[in-house]
Amino acid sequence: MSKSMKRVIRALEEAGIETEIVELGTARTAQEAADGVGCALDQIAKSIIFAGAESGAALLFLTAGGNQVDADKASALAGEPLAKADAALIREQTGFAIGGVAPVGHLNPIRAWVDPRLMEFDRVWAAAGTPHHVFALNPADLPRISGAQAADFVNTPS
């Protein structure tokens, strides 16, 4: 078991979340992850990391699988312009590889926001520290365990 997954499991246990880690085959997209666990696309909690253009800090946006982060809305929440976070910044600040960023178990504290769409479900799935592992939880627990604030930061379909 990877160090990253161990951190996630420990963080979940410390938060009182009982869950099972599920190994997926190929899950390069949220749709593939949803297909792998048999849930709706929006039940996948994607962890999208941006870099604060001024602070250099990693910023986490937990969004429903079918939604996309609106850069302007996200920037307004962060209070600074956002830049693309590269693999090195993500690994250094969160301890996770791209595709495996979990909502918990980060190496460093991280500012985070959660898409209210996720709260519409009884259960959502999130990365468990690797690109091939996920875990399920009640979405109402996401803000508590991740420190994320519910906010509107997604593109609105036209």
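I count a polar contact as a pair of N or O atoms within 3.5 Å; within protein, one must be able to donate a hydrogen and the other to accept it. The model is predicted.

**Helix H3**

I began at the start of H3. A side-chain oxygen of Asp70 comes to within 3.0 Å of the backbone nitrogen of Asp72 there.

Next I asked which residues of H3 (residues 71-78) are buried. I found Ala74, Ser75 and Ala78. They span an arc of only 100° around the axis, so they lie on the same side of H3. I recalled that an α-helix has 3.6 residues a turn, so residues three or four places apart point the same way. On the other side of H3, I noted Asp72 and Ala76 as exposed.

I then checked what the buried residues of H3 pack against. They meet E3, strand E4 (82-84) and E5. After H3 comes Gly79, with a positive phi near 80°.

**Strand E3**

I turned to E3 (residues 58-64) and its burial. I found 7 of its 7 residues buried, so the rest of the structure largely encloses E3.

I looked up its pairing with strand E2 (residues 44-52). The sense is antiparallel, over 7 bridges. Ile49 has Leu60 in E3 as its bridge partner. The hairpin of E2 and E3 has 5 residues between the strands, and its Gly56 takes a positive phi near 75°.

I also followed E3 to strand E5 (residues 111-114). Here the sense is parallel, over 4 bridges. Leu62 has Val114 in E5 as its bridge partner.

Definitions and conventions:
Residues numbered from 1 in each chain as written. Predicted model: local features only at pLDDT ≥ 70, side-chain atom pairs only at ≥ 80, totals over all residues. Heavy atoms only, no water. Buried < 20%, exposed > 50% of the residue type's maximum accessible area, 1.4 Å probe, protein only. Helix = DSSP H or I, 4+ residues; strand = E, 2+ residues; numbered from the N terminus. Pairing = 2+ DSSP bridges. Arc of directions from axis to C-beta. Contact = heavy atoms within 4.5 Å.
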